[in-house]
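Subject: Structure handover

Hello,

Here is the structure for you to look over. My notes on it follow below.

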Amino acid sequence: MKDIDGEPVSALADGDISHLRNENSRLINRVAQLERMLSLQPQTGLPTHFRLELELEETIDEFRRTGDRGGFSLLIVQLGDNYASVRKTLKSSISEWILYETGCRIQSLLEPGDKIFHTHENEFVLILPRRKGKALEEFLRRLIAQLDEPHIFSGFNIAIKAATGASYWPEHGEERSAILHRADIAAGAAVEERKSFVLFKPELLRRAVEKVELQNSIVKALESAGIENLGDQFTLYYQPKVFLSSVGEGFIGVERIEAEALIRWMHPQKGFLGPDTFIPLAEETGLILPLGKWLIYQCARRLAAWDAEGRTSMGISLNLSVNLSARQFRSQDAADIIASALASTGLAGNRLTVELTETSLFEDPEATKLTLERFSALGVKISVDDFGTGYSSLSHLHRFPLDEIKIDRLFIENLDSNHQDKIIVSSLVSIAKGLGLTLVAEGVEKPEAIKILWDMGCRGFQGFLISKPLPAEGFMAFCDKVKADGMRIRIE
Ligand code: C2E
Ligand code: CA
Ligand code: CA
């Protein structure tokens, strides 16, 4: 027989009672030690989620017993993405110090009766009796000010953003699990909306339920239709991307037209849905992979069909841009899918452009380079989407075989009034020229923007001023009209 530490227990054979007693008390101590380990976070010394479950139950029981309906607020404080990057990129002693200090800062604001728990690495939970409405607002003001203070170390000055969600007992749920769930939903909304604080409201629950429903219906659409029949529910719109030969008073001269394919979902119950409502979900669940594959094939088939009808030649054959999501791009087989879509339709690679965001390019530069080289080998063009919204610098771009840069519409929308945007865009134009890249301005809505950009040397334009995204037939009609008008578009 062995004791708890695996040591042979020889004395037991002799029936030594005092040894048994010793063993027993050693066992009790070890259990207490293990309980402490489980109930206290090593980095902060604060109680863990094990304690939270128990103490939340106790707090609710206490309020029920005393009939005190003043209740309490339950707060979930989550450290933002920049905490995760500190953890990944800097020494672990720094992230541990940040956690410890965050715990201390929150504790310094607590009053007798308040409780704090360190429930996950980047998450703290607070129970604040009778602190609601104005009193909670006052607490939050001080909490946010404390958490926003940068953490200073030798050589580092690190600011960590936190998002807080709260629910009230008993207003938002009588049971422990209900108010934890409500506070969690509120914290999720704070993270999503990039707010420091969100208080639970029933609408958030509806939104969370809708999100799950939408997720389920993407699965259903994909499962029931199968990849070949996605066209029953999903369709592509085409937004003209025009390259100009001149800019005149009230008109622009068009050298060539390309288009960006943008997905739309004809949802059987919810009607017409734009990509912002479901692409992030499809990305989260991985369903973007079959959907993205269908999209690439769809673009290739559409081009081949237009070619067969003799509708795509306007001096130069039409090129379609397709958006590749980060996950699709990382999935390794993106190049294979494009290659087989081209092979099955007999299209040349240069008829397709893939649009990738800066963030997906720079996530893993080595792997990116290999995948981009495969695209280039197929003749497919590569475009950087939403340029300027990520953190990459233009100086890194020359490492990749790129063809085009699309300046995000954020920089374009106030070009006529914002001097700083003008400086940024004008330097982008000259660097893009230096690197031999085609430049496209996105989200062009005002004629003044076209004039300013044209004078800077930008030749590619996309935006509502030229045309909204159109169904396939509408896009063909757009091209026919530009041709009929002598390769000109009126802009006013
Ligand atoms: P994006 O790639 O930046 O696409 C351009 C978006 O800007 C489109 O929205 C388009 O309708 C909109 N837009 C174009 N011109 C203007 C303008 O002048 N003013 C304003 N305010 N907006 C303009 P849409 O179609 O809702 O697409 C939103 C995003 O969804 C796209 O942004 C893209 O990131 C994603 N997306 C769309 N289709 C696909 C797809 O097939 N696959 C993937 N992975 N993502 C897609
Ligand atoms: Ca795009
Ligand atoms: Ca874009």
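This is a predicted model: local features need pLDDT of at least 70, side-chain atom pairs count only at pLDDT 80 or more; totals for chains, interfaces and linings use all residues.

**Backbone points**

Met-487 is worth a look for its backbone. Its phi is positive, about 55°, although Met-487 is not a glycine. Most residues other than glycine have a negative phi. How exposed is Met-487? Its relative accessible area is 21%, so Met-487 counts as partly exposed. The cut-off for buried is under 20%.

Arg-130 also has a positive phi, near 55°, and is a residue other than glycine. You will find Arg-130 in the loop that runs between β3 (123-129) and α5 (133-148). Is Arg-130 buried or exposed? Exposed, because its relative accessibility is 52% and the exposed class starts over 50%.

Next, a peptide bond. Trp-169 and Pro-170 are joined by a cis peptide bond, with omega about 5°. Most peptide bonds are trans. Pro-170 belongs to the loop between β6 (162-169) and α6 (176-192).

**Ligand 1**

Now the ligand. Where does ligand 1 sit? The space it takes is the largest pocket. The shell around ligand 1 consists of 21 residues. Gln-239, Arg-264, Asp-385, Glu-445 and Phe-464 are the closest of them.

- Gln-239: a polar side-chain atom is 3.0 Å from a nitrogen atom of ligand 1.
- Arg-264: a polar side-chain atom is 2.8 Å from an oxygen atom of ligand 1.
- Phe-464: here a backbone N or O atom is 2.7 Å from an oxygen atom of ligand 1.

How much of ligand 1 does the protein bury? Taken alone, ligand 1 exposes 800 Å², and the protein buries 83% of that.

Which elements supply the shell? β9 (251-267), α8 (275-285) and β13 (381-387) each give at least two residues. β9 gives the most, with four residues. By class, the shell has eight nonpolar residues, five polar and eight charged.

**Positions and distances**

Start with Lys-241, in strand β8 (residues 234-248). Is Lys-241 buried or exposed? Its relative accessibility is 0%, so Lys-241 counts as buried. Met-476 is 235 residues from Lys-241 along the chain, and their C-alpha atoms are separated by 13 Å.

Ala-304 is in helix α9 (residues 288-308). With a relative accessibility of 21%, Ala-304 counts as partly exposed. Leu-147 is 157 residues from Ala-304 in sequence, and the two are 57 Å apart in space, C-alpha to C-alpha.

Ala-348 lies in the loop between α11 (334-345) and β12 (352-357). Its relative accessibility is 41%, so Ala-348 counts as partly exposed. How far is Ala-348 from Gly-113 in space? The answer is 71 Å, C-alpha to C-alpha, for a pair 235 residues apart in sequence.

**In brief**

To recap, the space taken by ligand 1 is the largest pocket, and the protein buries 83% of the area that ligand 1 exposes alone. The backbone points are the cis bond joining Trp-169 and Pro-170, the positive phi of Arg-130 and the positive phi of Met-487.

Best regards

Definitions and conventions: Residues are numbered from 1 along each chain as its sequence is written. Chains are lettered from A and ligands numbered from 1 in the order in which they are written. Side-chain values use heavy atoms; hydrogens and water are left out. A residue is near a molecule or strand if one of its heavy atoms lies within 4 Å of it. A polar contact is a pair of N or O atoms within 3.5 Å; within protein, one must be able to donate a hydrogen and the other to accept it, and residues adjacent in sequence count only if both atoms are side-chain atoms. Accessible areas come from the Shrake-Rupley method with a 1.4 Å probe; for residues, only the protein chains shown count as cover. On a 1 Å grid over the protein atoms alone, a cavity is a set of points where a 1.4 Å probe fits but cannot get out, and a pocket is an open set with protein on both sides within 12 Å along at least five of seven lines; lining residues have an atom within 4 Å of a point. A molecule sits in a cavity or pocket if more than half of its atoms lie within 2 Å of its grid points. Ala, Val, Leu, Ile, Met, Phe, Trp, Tyr, Cys and Pro count as nonpolar, Asp, Glu, Lys and Arg as charged, and the others, Gly among them, as polar. Buried means under 20% relative accessible area, exposed over 50%, partly exposed in between (1.4 Å probe, protein chains only).
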